[in-house]
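Have the sequence and the 3D view open as you read.

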Amino acid sequence: MKFAIKKNLSILLFVVCTTLSYTQNPILNNLNEAPIYGGLEMKDYWVWGSSVIKGDDGKYHMFASRWPKMLPFHPGWMIASEIVHAVSETPEGPYKYEDVALGARGTQYWDGKSCHNPKIVKYKDTYILYYMGSTHPYEDVTKKNSHEFDLSSKWCIAGRWGKRIGIATSKSPYGPWKRLDAPILDVKPNTYYSFLTSNPSPLIKKDGSVVLLFKGRSYKEDEIKHSDMSIGVATAPSFDGPYTVIGDTPLFSMERFGEIEDPHLWSDNEGYHMIAKDQRGKITGHAGDGLLAHSKDGINWVIDEYPKAYTKTVKWNDGKTIKQGQLERPFVFVENGKPTHIFFATMDGPGGFGKGTKTWNMVIPLK
């Protein structure tokens, strides 16, 4: 009898703890092992930041940034990134390179030299690829002049200053993609996004209207530099605009909640959800960890009671547990209304963009 009572109490305690664990955090406590051959890696390229969608062909289509390893990882992306398309039969992958979706198209275009940070969505029969674009008026960086290239070089000064958000559309994930001749979200003087707009994260509602999270920086005229990162929100009646930034203050900033980067937005029956990187650790307690927030309308956001969504420590399906050098650009893949996988851009090494030897886009299935 005593044994049966103890057994039942153990089962009850397990159920309560499991339920509480899920309640505390639907991501952190539901991370499975990461497949070591999942995601996308490309020889001779830095690969970063994936976004995945299931196509009409039943296959999984990844859109990711890449740029040649001849350039340093940072800030090479700023002047030479292109968005590539890769395909897999399963969400985990591995994904096989298919084509360049958005590449260089000339200095005269606002996105003529670099396309980065892709987010793919679909509305009715149209695929919409959101991204950050930039350009510069100088010769390309080659091995011959690469010794002149760094964050303070002419290429990066122009490339960073020109960062804007745009879209490209297609009836198929295989393209062709139609780009716009102007960004959908430009800068505005005397705002928190007077210097640049970047890192788009859209959500298209059933009626076709859009909620768009984005990263902004402002000018700091007295210091001749840009500000820390802020996250704002814009809305539009349709994916082709016009986009209107809501409010004069950002959703997240150094002064409000804390500085975050790489927000990703999805929704379910309970409302809107955001996952992002906690840049300085003010919210999660550790710089670089992931955070969760929620909203009823996409405009007014609240930090989750248990906000930590992930850490840089990853359990792989070969039995190894490794603290990744970098773990960024979180993307939650939703299928049939439920989050099933979380994708990351990752780097080997001890940490720091200049200390890694390879990057790839990885994926972790959710329990």
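Which side chain does the side chain of Ser 209 make a polar contact with? The partner is the side chain of Asp 207, at 2.7 Å. A polar contact here is a pair of N or O atoms within 3.5 Å; within protein, one must be able to donate a hydrogen and the other to accept it, and residues adjacent in sequence count only if both atoms are side-chain atoms.

A quick word on the model: it is predicted, so local features need pLDDT of at least 70 and side-chain atom pairs count only at pLDDT 80 or more, while totals for chains, interfaces and linings use all residues. Residues are numbered from 1 along each chain as its sequence is written, and side-chain values use heavy atoms, with hydrogens and water left out.

Back to Ser 209: you'll find this residue in the loop between β9 (196–204) and β10 (210–217). Strands are DSSP runs (E, at least two residues), numbered from the N terminus. Ser 209 counts as buried because its relative accessibility is 14%; buried means under 20% relative accessible area (1.4 Å probe, protein chains only). Beyond its neighbours within four places in sequence, its contacts (heavy atoms within 4.5 Å) include Leu 203 and Pro 237. Pro 237 sits 28 residues away in sequence, yet the C-alpha atoms are 4.3 Å apart.

Now for strand β7 (residues 164–170). Six of its seven residues are buried, so the rest of the structure largely encloses it. Its pairings (at least two DSSP bridges between two strands) look like this:

| β8 (residues 178–179) | antiparallel | two bridges | Lys 178 and Thr 169 |

Definitions and conventions:
Helix = DSSP H or I, 4+ residues; strand = E, 2+ residues; numbered from the N terminus. Buried < 20%, exposed > 50% of the residue type's maximum accessible area, 1.4 Å probe, protein only.
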